[in-house]
Amino acid sequence: MANLVMFCILAVLIIGSAILCVTTKSIMRAATFLLFVLFGVAGIYFLLDYTFLGAAQISIYAGGITMMYIFAIQLVSKRTLQGLQEHVKGSRVLTGALAALIGFGTVMIVFFKNQLFDRMAMMSVDNEVPMDKIGAAMVGADKYQYVLPFEFISIFLLACIIGGIMIARKEDKQ
């Protein structure tokens, strides 16, 4: 019963913060609400006894990624942070909706081509992958393991941060 109550509290926190994150006009408030969403997801991981995933969620996403967002926000011009906004043209909205539909269609084609829905329906609880195999795949460097892609992504993010600093320095000199 306590797990159900905690899940309901976390679900309300996540849904409420997510809605506030996408509806607020202040970019700093949006980053703060995103932080609450990520903490809520970490709470659900802890509720499911996935302590490693919960700790990773807090340290990597709620801590690191949110700080990176706030750091990137600070590099945005002062006019944008003061609430001055660009007006969105209807053609941009139409182009974005069209791109979203094309992306959704592509994902559905891949799902149906690879028969992923059929495989998911046939899977049972007996086919569950143990946590030690998941952990070994996350930190392993062999084929189908993820430590190298993770390192490449971290190098890419570092290059983006350095590029953002260089752009911000050029604006300050002018």
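Mentor: Q57 lies in helix α3, residues 51-74. Helices here are DSSP runs of H or I with at least four residues, strands are runs of E with at least two, and both are numbered from the N terminus. This is a predicted model, in which local features need pLDDT of at least 70, side-chain atom pairs count only at pLDDT 80 or more, and totals for chains, interfaces and linings use all residues. Residues are numbered from 1 along each chain as its sequence is written, and side-chain values use heavy atoms, with hydrogens and water left out.

Is Q57 buried or exposed? Its relative accessibility is 7%, so Q57 counts as buried. Buried means under 20% relative accessible area, exposed means over 50%, and partly exposed is in between, with a 1.4 Å probe and protein chains only.

Now its partners. Setting aside residues up to four places away in sequence, Q57 touches L38, V41, A42, Y45 and A62. A contact means heavy atoms within 4.5 Å.

Follow A62 next. A62 also sits in helix α3. A62 has a relative accessible area of 2%, so it is buried. Apart from neighbours within four places in sequence, A62 is in contact with L35, L38, F39 and Q57. Look at L35: it is 27 residues from A62 along the chain, yet their C-alpha atoms are separated by 5.5 Å.

Helix α2 covers residues 27-47, 21 residues in total. From first C-alpha to last, α2 reaches 30 Å, close to the 30 Å expected at 1.5 Å a residue. The expected span is 1.5 Å times one less than the number of residues.

The axes of α1 (residues 2-23) and α2 come within 8 Å and cross at roughly 160 degrees. That makes α1 roughly antiparallel to α2. Axes are lines fitted to C-alpha atoms, for helices over the stretch in contact, and angles run from 0 to 180 degrees between N-to-C directions. Angles under 35 degrees count as roughly parallel, over 145 as roughly antiparallel, 65 to 115 as roughly perpendicular, and the rest as oblique. The crossing of α1 and α2 is left-handed. Left-handed means that the near helix is turned anticlockwise from the far one by less than a right angle; clockwise is right-handed.

Which residues meet? On the α1 side they include M6, L10, I14 and S17, and on the α2 side they include F33, V37, G40 and I44. Take S17, which is in helix α1. At 6% relative accessibility, S17 counts as buried. Leaving out residues up to four places away in sequence, S17 touches F33, F36 and V37.

Next, the loop between α2 and α3. D49 lies in that loop. At 63% relative accessibility, D49 counts as exposed. Its phi is near 65 degrees, a positive value in a residue other than glycine. Most residues other than glycine have a negative phi.

Y50 is in the loop between α2 and α3 too. At 32% relative accessibility, Y50 counts as partly exposed. Y50 touches Y45 and M131, again not counting residues up to four places away in sequence. Y45 is also one of the partners of Q57. M131 is 81 residues from Y50 in sequence, while their C-alpha atoms are 9.1 Å apart.

For contrast, turn to α5. Helix α5, residues 90-113, is hardly covered: among its 24 residues, the count of buried ones is zero. Its 24 residues should span 34 Å at 1.5 Å a residue, and its end C-alpha atoms are 34 Å apart, which agrees. Just after α5, Q115 takes a positive phi of about 55 degrees.

Finally, step back. The protein has eight helices and zero strands. Of its 174 residues, 14% count as buried. Q57, where we began, counts as buried at 7% relative accessibility. Among contacts between residues at least 6 apart in sequence, 45% join residues at least 24 apart.
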